[in-house]
Amino acid sequence: MKKLIFWCLLFTCHLMMAQEVKVEQISLNFEDKPILEVLQEIEEQTSYKFFFLDEWLEEYRVSGNFENADLQEVLPQIFRNTLINFYQINEERVILTKNNVIYDEVAQSLSGPGKDEEQTGSPVVNVEPVFKTGTAGVAQQGTIYIGKEVIGNNKRTFTISGTITDTDTGRGLPNVSVLVRERGIGTTTNNAGYYELKLPAGPHLLETSSLETAAYRRQIVVFNDGNLDIQLEENLEMLGEILLEANSNRNVKQTIAGIEQININEIKTIPLVLGERDLLKVALTRPGISTAGEGSAGFNVRGGNTDQNLILLDNAVIYNPAHFFGIFSAINPFTTSSVEIYKGNIPSEYGGRLSSVFDIKSKDASTTEFKGEGSIGPVTGNLTLEIPIIEDKAGLMVGGRGTYSDWILQSLDEPSLENSKANFYDVILKYNHQISEKTVLKTTAYYSKDAFSLTTDSTFNYSNTLFSLDLRHQINDKNDLEIIASNSGYRFNIDFESDFSQDFRSSFDINETEIKAMMNYHHSESHSFKYGVSGKLYGLNPGRIRPLGGSTVSPFTIDREQGLEGALFISDSYEINKDLMLYAGLRYSFFSALGAGTQNIYAEGVPRIPENVVETREYDSGEFMQTYSGPELRLSARYNFNPDFSTKLSYSNTLQYIHALSNNTTISPTDTYKLSDVNIKPQRANQYSLGFYQNLRQNMYEISLEGYYKQSSNMLDYRVGAQLFLNENLEAEILQGQSRAYGAEFMLKKSTGRLNGWLSYTYSRAFLQLDSEFPQERVNRGEFFPTNFDKPHDLSLVANYKLTKRFSLSTNFIYQTGRPVTVPVGKYSQNGAEYVVYSARNQFRIPDYYRLDISLNIEGNHKIEKLAHSFWNISVYNVLGRNNPYSVFFVTDNGEIKAYQSSIFSIPIPTVTYNFKF
Amino acid sequence: MKFIRIIYCVVLCFLLNSCVEEIEFELDNFENYLVVEAGITNELKHQQVRLTRTYDLDETIENNVEQNARVQIVTGNGEVFEFRESQDGIYESEIEFQAVPGVSYQLIIVTTTGEEYISSPEELLPASTIEDVEVERRVLDGEDGLVISVNTSGAATDSDYYRFEYEETYQIVSRYRYGSDLEYDAARDTIPYEVFKDYEEHICYNTSLSNELILGSTTDLSDNNLQNKLVHFIPVRDPKISFRYSILVKQYSLSQAHYNYLRTLQEMSLSNNLFSQTQPGFLNGNIESSDGQQEAIGLFTVSSVSTKRRFFDFDDYHTTADTRTYFATDCRITTVDLFNPVALEALISQVVAGEVKLVGIIPSGVPGIVNYEVTTPSCVDCRYWGDLEPPEFWED
């Protein structure tokens, strides 16, 4: 109906002449008065009559003071803060309109096609009125008009902003996509649920989509800058389907190449092992991310070592994100919202690790409603609570998870397990506070602890602690400031208790504190800058031994190590035109090994062994013992062939000053860390990548193909039998060599429909070279050899099929080439016992790995009155019962050689997990 | 409840390493290296060097000794000790000599194919002496047994490194003793007949050598002497300690480099933790070919040696609750009914083949006819397990 009136008005009004309007004087004085009453007073004073709908004006009150003013003076003042325009038809009648302006000329675009050309030729852009044509899609409910049309407004793009909140809780919803499909314009909400969208004037079909909420589609007409708040209902049933819409064509559009994003909801239906939902395990099904074996912690990203990943939980480094040797992840799935993995080009604000950044973000607590979520599985129990502290402003999340395996072990009637233990727990606390509309504060505290003993005499303990604070402040429309402060620590203890009065505790700990300040500068449509500075202080106690009880072991401590790492960074996302976009980042990092300390100087031209130390230099506290620095370039370019097909080219250059030390073939919780110093050079890497990205059928299918070549230098490895813990001449055990990795990664992802999931295939190789003029410092005669995690073929299929609204079936299938292991080339006898001889490293492969998992997911019913929403997951891990070898090793047992094969999960493992939410 | 049990089993599996299984493994890239076992000591004797070759996993060492090589040890003083092959692969010095402090020794080997191997020069390291060998009964790693440990004294430096060996000699007493045995001669009789023994087969002695690497160091200790250094553990029901037992512990001093070599060898050859495996690789010893192109496996060591012997009896560490165990485990006694032709036939063939020994005679109920009680020979004849002659050092 409104539409009709609008058109009628338009075509009748243009005949009227504005200058004929009769002028009457108005004198009025009002204070905070409803506009409706003010208009009535004007009508009483004068002969003017106003035509409008009461509901347009109900909410507005105005103040004003006029002496003999005319109508053209009074009305703009009254309607200044409203969406109302007015048009005086004749001497007495004034028509009010909401949003739009009534024009008294025919718009140029309606007067004939020929005139368009004139428009482009004219330096003065004629402003076209906004017309609402037929709807551009199926909209829900009515059209929304945004902003007040202003005659002669030269702006043709307007900013629509607002907050998207949860209907039930009122909490701002982060990561909701807001988009106008036919124009390819979109954005996502920030953590407070706030969004800003630049749209041309006119009608649009606005949509939102997110993992957690029902889809929203409304017809909007944009007249000016305006506000549009949207309330969305939480959508529990539709998970699986929507989540994949979230960043529907992100893979095609974003400039930075090689990003994997995993959302917690995406993994809800994935089959589990021992009932644990695990974000980081899902990461392993993505191309280019792998691990050495099933029971092995740590990630090898594009041929990188496990210590080359910067794993951040709410911006703070988490050193060992694994429980129980990597069988479980130390990241609580209930408190996590997403993980973003940069495996190709790393944005310049991140640094310090060569291969990747795992940016794990925890959820924000609800600020309106007390909520909880929990699960009961066969090994662990998990409970997360969200507690509003200040209504609509601040909330606290508390999450805890622990095992009951000790209880299980003790309840078993098995004497050999009397002293065994294996338990872990982790807790997280997160506080989020919307201090003002422009300022948000978030802090996170986290602690995880593992304790286990696999042999009767040793007990291992390790723990991660971290604390982070993140303050974001929007300075103005163009500038945002973010300040991050964090502290992370990792420590382990090994308690040894023997029967020979040699009990001791050995320990290691590392701690780092970082401060980072970062500015986002939205210079213009085409340039967006990010720049900042960061500083990090490391302190580590590389090893300590102290006797326990009446032990004869003497106390021993390796000198504390300290280091300072700093970086300056700047980047620009430059949109050259709508098809070509560049990302150019530069990071300049430096590192100093700080005193007090001593450094061993080795003679040149001889092997680096303790006997060849020629000088031991002493340094005072705070003195720079050795400084390294260098520029790190991060470049990426994207070209869109069409909106659904793009190519990206990138180059990334990284430096790493901290190194994990491990002489095991796989990562272990007792691996220690070492900072670069006089003898240990920083690791460097260069990566080149090229990728093609295609979306099909309205982003239902995503296809990507990426290739990379990575060359790294100063990669750490060790002499055979190196003693890395409690060694004063550690550098004498370390070899540094170069590595070469290349690969091609393919991924096909189907986002919507009853059947969804992804298929990824990676062909990759990773080689290491340890060469030296001295045979003792050479491995494989100085030739390149495959790394421990070189697994050329890696195929993962993750699929979810929705049977009904409540039942869904999912499956994983994983196939990988067996990893390389070192096997003997012969045996010999010595002192009555046989021993094997190893020569070339990693020349044999264990049999290929494959595994199929299946799970059935049952959503509880959705009766409103129910206490809790429940979700059952019934999984069978390794359905085929494949005995996947993890390792092959050779042991001298009673003087004879025996070959063994170990495997972690050699039988199908069924589990049932109950999840609930309230 | 079944699946919960399985899960428990999985959890246990981590703890018990039961996911580890023995496999058959075939080499596809055998490499042939010279293996040298050469340790000279400060004892005046014919010093020995043993040369072998690496061999394939399914072969035995006998086929792989290195014969007819030229072996010599030269000293920093210009002395040369020539070695001569005494048995296959074992070379003995032509004259007796002992390593003395302050002199460097170097091993030179020339194989029949003309390859020359030279060790780095090594010197005799001073060492502490074994003060005593302690025996104690206790539970170790959940097992009841005798712990044999050493204490040393007179440490030379604050970090000394040692390798231990032991020789255990034990008395073996047969489970059954009987004065006569059965013989069969068809010409003499139709059934096996009894003959008195004119030989001893009841008490024997056997010696076995340690075949594991036992290493010790004083580096981490507040006292520079080793205390209660575990050398050997004997489970309480081991038949070796059912009667009199003797152990000789030998301690060899090592340099730090040699100690590290052996420790790494030990680490690589021990059972690994399920989740993390030590990276194996080629161990560089101190012997390589003179052109520097080929390493030999093994070490040339020059050690001070200290030894100590200890004797003990069953009663010393066992109580009345403990029963003696025997090497022969299947000692069932069978009574043969000589009237049963099948049983008689079987006995005759067993006697002829030496598969049974007489342990008793019981009346058959028929006057003049007896039934034989027989058992496995190893339950009567201790020579299955050792030698009758006690070793020279044996003290009863």
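**Reading the model**

Tutor: A residue is buried if 20 or more other C-beta atoms lie within 10 Å of its own, exposed if 12 or fewer, and partly exposed in between, with C-beta atoms placed from the backbone. The model is predicted, and local features need pLDDT of at least 70, side-chain atom pairs count only at pLDDT 80 or more, and totals for chains, interfaces and linings use all residues. Residues are numbered from 1 along each chain as its sequence is written, while chains are lettered from A and ligands numbered from 1 in the order in which they are written.

Student: Which residues of helix α2 of chain A are buried?

Tutor: In this helix (residues 35-45), they are A:Ile35, A:Val38 and A:Ile42. Seen down the helix axis, the buried residues fall within an arc of 60°, so they line one face of α2(A); the arc is that of the directions from the axis to the C-beta atoms. Their cover includes β1 (25-34), α3 (54-57), β3 (61-70) and α4 (71-78) of chain A. Helices (H or I, at least four residues) and strands (E, at least two) are DSSP runs, numbered from the N terminus.

Student: How should I read a sheet?

Tutor: Strands of a sheet pair through backbone hydrogen bonds, either parallel or antiparallel. Here, pairing requires that DSSP find at least two bridges between two strands. One open sheet of three strands in chain A runs in the order β2-β5-β4, with mixed pairing. Its edge strands, each pairing on one side only, are β2 (49-51) and β4 (84-88) of chain A. On average, neighbouring strands of this sheet are turned by 25° against each other, direction ignored. Strand β5 (residues 93-98) of chain A and β4(A) pair in the antiparallel sense over five bridges, and A:Ile95 of β5(A) stands opposite A:Tyr87.

Student: Is A:Lys827 buried or exposed?

Tutor: A:Lys827 is buried because 24 other C-beta atoms lie within 10 Å. This lysine is found in strand β50 (residues 824-830) of chain A. Two residues are in contact if their C-beta atoms, placed from the backbone, lie within 7 Å. Not counting residues up to four places away in sequence, A:Lys827 touches residues including A:Glu834, A:Ile897, B:Thr54, B:Tyr55 and B:Leu57.

Student: What are the surroundings of A:Glu207?

Tutor: A:Glu207, in strand β11 (residues 202-209) of chain A, counts as partly exposed because it has 18 C-beta neighbours inside 10 Å. Leaving aside neighbours within four places in sequence, A:Glu207 is in contact with A:Leu179, A:Arg181, A:Ala215, A:Tyr216 and A:Arg217.

Student: What is the mean pLDDT of chain A?

Tutor: pLDDT is the predictor's confidence in each residue, from 0 to 100. Its mean over chain A is 81, and 84% of the residues reach 70 or more. Among the elements of chain A, helix α5 (residues 115-121) has the lowest mean pLDDT (35), and strand β19 (residues 316-317) the highest (95). Over residues 1-21 of chain A, pLDDT stays under 50, and the model has 20 contacts beyond four places in sequence for them. Where pLDDT is low, the predicted coordinates should not be read in detail.

Student: How many helices and strands does chain A have?

Tutor: Chain A has eight helices and 57 strands. Of its 918 residues, 44% are buried.

Conventions:
Axes are lines fitted to C-alpha atoms, for helices over the stretch in contact, and angles run from 0 to 180 degrees between N-to-C directions.
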